[in-house]
Amino acid sequence: MTEPLTVPAYELAQVNIARLRFPLDSPELKDFVDALDPVNAVADDAGGFVWRLQSDTGNATDVPVLGDDWLIINMSVWRDPDALTAFMYQGQHRELLARRREWFERMREAMAVLWWVPAGHRPTVAEAEERLLHLRAHGPTPYAFTLRTSFPAQGAEPMAPVNIPAGLGCSV
């Protein structure tokens with residue numbers, strides 16, 4: 001007899017933002033921009049991939065984040081941290097990670113955050129911004145964490161808004 005498939009109660013949301021060193025349409029960013037569609041296609045087909053933020057362009061480079069026109073956002077939902085890391089550190093995505101300093105400024109504060117969402121939930125940019133600012137203010141917690149310091153999928157329901165100290169947005 002076949003066991004029924006268990007539907008997970010939670011999925012892993014991730015967001016990472018980056019501050020461009022050059023305009024998206026500049027020659028300096030051509031390799032990055034040209035790689036967006038192929039890398040997104042690999043992500044879409046990756047084991048454990050659930051969803052990614054995209055605008056009508058098919059990516060999210062024109063989605064505003066943290067009130068800074070030089071920031072771009074990547075947000076997605078995965079089955080678990082293993083699925084996310086399997087995608088992140090192999091193939092063309094790994095190659096792009098190795099070149100990130102050519103295209104993006106080095107930032108002092110956290111630019112990526114993970115959090116658990118109820119299965120089927122699709123996070124908003126505002127939710128991602130709040131989680132990132134929470135991580136910057138409090139370090140890794142079950143509410144907002146990193147791959148290096150993660151937490152199990154429990155208590156993933158949104159908390160009441162947290163008072164975020166001034167200056168924890170993106171430095172310019």
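1. A pocket, as the word is used here, is an open set of grid points with protein on both sides within 12 Å along at least five of seven lines. In this predicted model, the largest pocket holds about 1400 Å³ of space. Its lining comprises 47 residues, and those closest to its centre are Asn 16, Met 88, Leu 97, Arg 100 and Ala 112.

2. Which elements give two or more residues to the lining of the largest pocket? They are the strands β1, β2, β3 and β4, together with the helices α1 (30-45), α2 (81-88), α3 (91-98) and α4 (100-103). Sorted by class, the lining of this pocket has 30 nonpolar residues, 9 polar ones and 8 charged ones.

3. Phe 49 has Trp 78 of β3 as its bridge partner.

4. Apart from the pocket, how many cavities of 30 Å³ or more does a search of the whole structure find? The search gives 1. About 40 Å³ of space lies in the largest cavity. Its lining consists of Val 15, Ile 17, Val 65, Leu 66, Ile 73, Ala 128, Glu 129 and Leu 132.

5. Both β1 and α5 supply at least two residues of that cavity's lining. The largest share is from α5, with 3 residues. By class, the lining of the largest cavity has 7 nonpolar residues, no polar ones and 1 charged one.

6. A word on confidence. The average pLDDT of the protein is 87, and 85% of the residues score at least 70. Over residues 156-172, however, the pLDDT is below 50. This stretch still has 38 contacts in the model beyond near neighbours in sequence. Where pLDDT is low, predicted coordinates should not be read in detail.

How values were computed. Residues are numbered from 1 along each chain as its sequence is written. This is a predicted model: local features need pLDDT of at least 70, side-chain atom pairs count only at pLDDT 80 or more; totals for chains, interfaces and linings use all residues. Side-chain values use heavy atoms; hydrogens and water are left out. pLDDT is the predictor's confidence in each residue, from 0 to 100. Contact means heavy atoms within 4.5 Å. Two strands pair if DSSP finds at least two bridges between them. Helices (H or I, at least four residues) and strands (E, at least two) are DSSP runs, numbered from the N terminus. On a 1 Å grid over the protein atoms alone, a cavity is a set of points where a 1.4 Å probe fits but cannot get out, and a pocket is an open set with protein on both sides within 12 Å along at least five of seven lines; lining residues have an atom within 4 Å of a point. Grid points are joined across faces, edges and corners, and a volume is the space filled by probe spheres set on the points. Ala, Val, Leu, Ile, Met, Phe, Trp, Tyr, Cys and Pro count as nonpolar, Asp, Glu, Lys and Arg as charged, and the others, Gly among them, as polar.
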